[in-house]
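Hi,

Here is the structure I promised to pass on. Have a look at it first, and then read my notes below.

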Amino acid sequence: MFAVLMPLVLLVLLAAPAAITYGLWAWRRAAPAAPGYPGSQAGVPETGQPGVGDPYFPDYGSSGYDALAYVIALDWDAGTQSMTATTIITAKASQPLRSFYVDLALQVDAVEVDGRPAEFEKTGFQDVQITPAKPIVDGAEFTVTVDYSGAPGELRRGNVAPWSSTGAEWTVAGEPESSAWWFPANDHPSDPALMNLSVRVPAGMEVLSVGRLESRDTGSDPDFDTWHWIATQPMATYLNFVSIGQFEIREGSADGRPYVYAVSEQLSSEDRDQAFRALQTSGQIITGLEAMFGPYPFTEIGGVVPAHQFPFDGLETQTRPVYDRKSIIDERFSRQLITHELTHMWFGDRVTVRQWNDIFVNEAYASWAEWGLAERAGRGSANAQLNGLYDRARDRDAFWQVTMIDPGPEQLFTTVYARGPMTLQALRNLIGDEAFFGLARSWSSGSGPGTVEEWMVRAQAATTIDLAPFFRAWILSPTAPDRTAANGFRR
């Protein structure tokens, strides 16, 4: 819906200067219109839909309600590598609902809505349709209690399998999908919510997650421990994670912020020490990022290094990124990696994407911050990085064909890591530091979902320079920008 309606709104906002009303959004892949379902007739409420209409992942998330909070309770059986669990979702209806959907790939055992048993049906890999005993009226707050079970490590959707297992250690973390493997949710970043997680495990195991470690054992059984984590600021579903196993944990405070760092005991003592040395630079890095982007958005910091070999170097799980073990112990790379993931706390976590094709804003700033902090430390200029990358990529047509307005689902996490920061540095060269950093602070001080179009509006408001040609060259065009001052190039 937003990709269809938002351009019309933005064309009005961009009427001054008139030059920027150049039809940017003809380049944007629009979300498909929702299927036509009959409206309310004689008091019969409508039905929520599976999927929020994301153009890349149309069945992700659910329409008809906004999730407000998740209370997740897992009982992990290490022997069978399976869980029994209950999640309570608090939500607010955005339309009348005779039924609605949640995303969950595990087996659903029972569902209640507002304390009354509800009918449910699995209609797809992760689509669960729920029909409450009593229809929900538009605007009403309601609770959904889902009992479920299964072995998440056995679930795979095509090439997607975000549940990792290494010996006696298990982690679920991934982007854009992961939550459906362990808790029911409105699984789309346009609907952030609070998270409260309790995990019961055999005594001697640790459980890592996001937010504040409330307690290590809230149970009375000596053979089991229950770890309790609370996130006091909303987050997108993929920004939550859980890691179960045996970890060395170090806790403390950096600049008044409590931290929890954890490294798998499956790593050698030498590698653990190196991982902790890297993780403990997080506080200093955050201080440097605050100088550029404004106050750190959250109340906790940290990092977790499981034993698994992930398909990513790091993931910006909120307040406590998950890092690949080989990447974090690489002294040549770890500071750059930590800078990238922590920058996401501002760009991607506090301000999420409205649709997955808005990924440019998240990854462009996270990648540019690596250049920006290095420049402030005297390790080369960000402008030199722009020029060097441009020289290497200028004649690579395939590189430029992946645009920043519509990269496509298969190229979502490829070119943006280079073309994204190049675009930002070129913009900085064009509008100057005051406007550039003012834009970054203004954007990241918001919360909830945002779009590339909204970011462009904010950028234009930060300067009197007409940015229409710049956006056409850097955001929209499938060809390399000309090396001109108008496109933000300078030596």
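A quick term before anything else: contact means heavy atoms within 4.5 Å. This is a predicted model, where local features need pLDDT of at least 70 and side-chain atom pairs count only at pLDDT 80 or more, while totals for chains, interfaces and linings use all residues. Residues are numbered from 1 along each chain as its sequence is written, and side-chain values use heavy atoms, with hydrogens and water left out.

Start with Gln-318, in the loop between strand S19 (314-315) and strand S20 (322-323); strands here are DSSP runs (E, at least two residues), numbered from the N terminus. Gln-318 is buried, at a relative accessible area of 1% (buried means under 20%, with a 1.4 Å probe and protein chains only). Setting aside neighbours within four places in sequence, its contacts include Val-210, Phe-298, Met-345 and Asp-349. Pro-234 is another one of them, and the Gln-318 side chain reaches the backbone oxygen of Pro-234 at 3.0 Å.

Now for the strands, which count as paired if DSSP finds at least two bridges between them. S1 (residues 65-77) and S2 (residues 82-93) are antiparallel, with 12 bridges, and Val-71 has Ile-88 in S2 as its bridge partner. The two make a hairpin with 4 residues between them, and Gln-81 in the turn has a positive phi of about 55 degrees. S1 also pairs with S11 (residues 193-202), this time parallel, over 7 bridges; there Asp-75 stands opposite Arg-200.

Cheers

Methods
Buried < 20%, exposed > 50% of the residue type's maximum accessible area, 1.4 Å probe, protein only. Polar contact = N/O pair within 3.5 Å; in protein donor to acceptor, adjacent residues only side chain to side chain.
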